Amino acid sequence: MGAAIRHFTAIAPGGQVFTVNVERDFRYDPYRDLLACAHCDWSPSLLTTQRIDAMAWDHLAGSHDATRGRTDQENESFRRARRVMLPLCAVVIVVLLVFLQS
């Protein structure tokens, strides 16, 4: 599918860790986020972003009985890109405004 941008992780009573990934497909405009379980073939059809969190936790609890140690983690590469791109875009905008003023 696409690149995993977020991970929902929970622990089952036996100690096994289960993960549901939010994957983004960059080929479409607007970008589409999809859910995919890393342990079974569960992958619902396209969703709205308001329900992705709830559906991921419902799947982990209902299908895998994983309710302990719930974590929601963003992919490190996307977090790092946002940390770099935001200041870079701000600098470019300031430079463009200064250039247009002169």
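Mentor: In this predicted model, a residue is called buried when its relative accessible area is under 20%, exposed when it is over 50%, and partly exposed in between.

Trainee: What makes Ile 5 count as buried or exposed?

Mentor: Ile 5 has a relative accessibility of 9%. The cut-off for buried is under 20%, so Ile 5 counts as buried. The residue lies in strand S1. Leaving aside neighbours within four places in sequence, Ile 5 is in contact with Val 22, Arg 24, Asp 33, Glu 74, Asn 75 and Phe 78. Its C-alpha is also 8.8 Å from that of Gln 73, 68 residues apart in sequence.

Trainee: Which class does Cys 40 fall into, and why?

Mentor: The value for Cys 40 is 28%. Cys 40 is found in the loop between S3 and H1. Beyond four places in sequence, its contacts are His 59 and His 64. Cys 40 and Val 20 are 20 residues apart in sequence, with 9.6 Å between their C-alpha atoms.

Trainee: Why is Asp 65 called partly exposed?

Mentor: The relative accessible area of Asp 65 is 43%. That falls between the 20% and 50% limits, so partly exposed is the term for Asp 65. Asp 65 sits in the loop between helix H1 (52–64) and strand S4 (68–74). It has a positive phi of about 55 degrees, although it is not a glycine.

Trainee: How many aromatic pairs are there, and what makes a pair edge-to-face?

Mentor: The count comes to one aromatic pair. The ring centres of Phe 8 and Trp 57 are 5.1 Å apart, and their planes stand at 80 degrees. Pairing asks for centres within 6.5 Å, and edge-to-face for planes over 60 degrees apart, so Phe 8 and Trp 57 form an edge-to-face pair. The pair links distant parts of the chain, with Phe 8 in strand S1 (residues 3–11) and Trp 57 in helix H1, 49 residues apart. Both Phe 8 and Trp 57 are buried.

Trainee: Which residues of the largest nonpolar core touch the most other members?

Mentor: Phe 8, Val 20, Val 22, Leu 35 and Leu 60 do, out of 14 residues in that core. S1, strand S2 (17–25), strand S3 (32–37) and H1 each give two or more residues to this core. H1 supplies the largest share, four residues. As for Leu 60, its contacts beyond four places in sequence include Phe 8, Phe 18, Val 20 and Asp 65.

Trainee: What makes Val 84, Met 85, Leu 88, Val 92 and Leu 96 a patch?

Mentor: A patch takes residues with over 30% relative accessible area and no salt bridge, and nonpolar side chains are joined within 5 Å. These five form such a nonpolar patch on the surface, with about 440 Å² of accessible area together. Val 84 lies in helix H2 (residues 76–101).

Definitions and conventions. Residues numbered from 1 in each chain as written. Predicted model: local features only at pLDDT ≥ 70, side-chain atom pairs only at ≥ 80, totals over all residues. Heavy atoms only, no water. Buried < 20%, exposed > 50% of the residue type's maximum accessible area, 1.4 Å probe, protein only. Patch = residues over 30% accessible without salt bridge, like charges linked within 9 Å, V, L, I, M, F, W, Y side chains within 5 Å. Areas by Shrake-Rupley, 256 points an atom, 1.4 Å probe, with all protein chains shown as cover. Salt bridge = Lys/Arg side-chain N within 4 Å of Asp/Glu carboxyl O. Phe/Tyr/Trp six-rings, centres within 6.5 Å; stacked < 30°, edge-to-face > 60°. Core = buried A, V, L, I, M, F, W, Y, C linked by side-chain atoms within 4.5 Å. Contact = heavy atoms within 4.5 Å.
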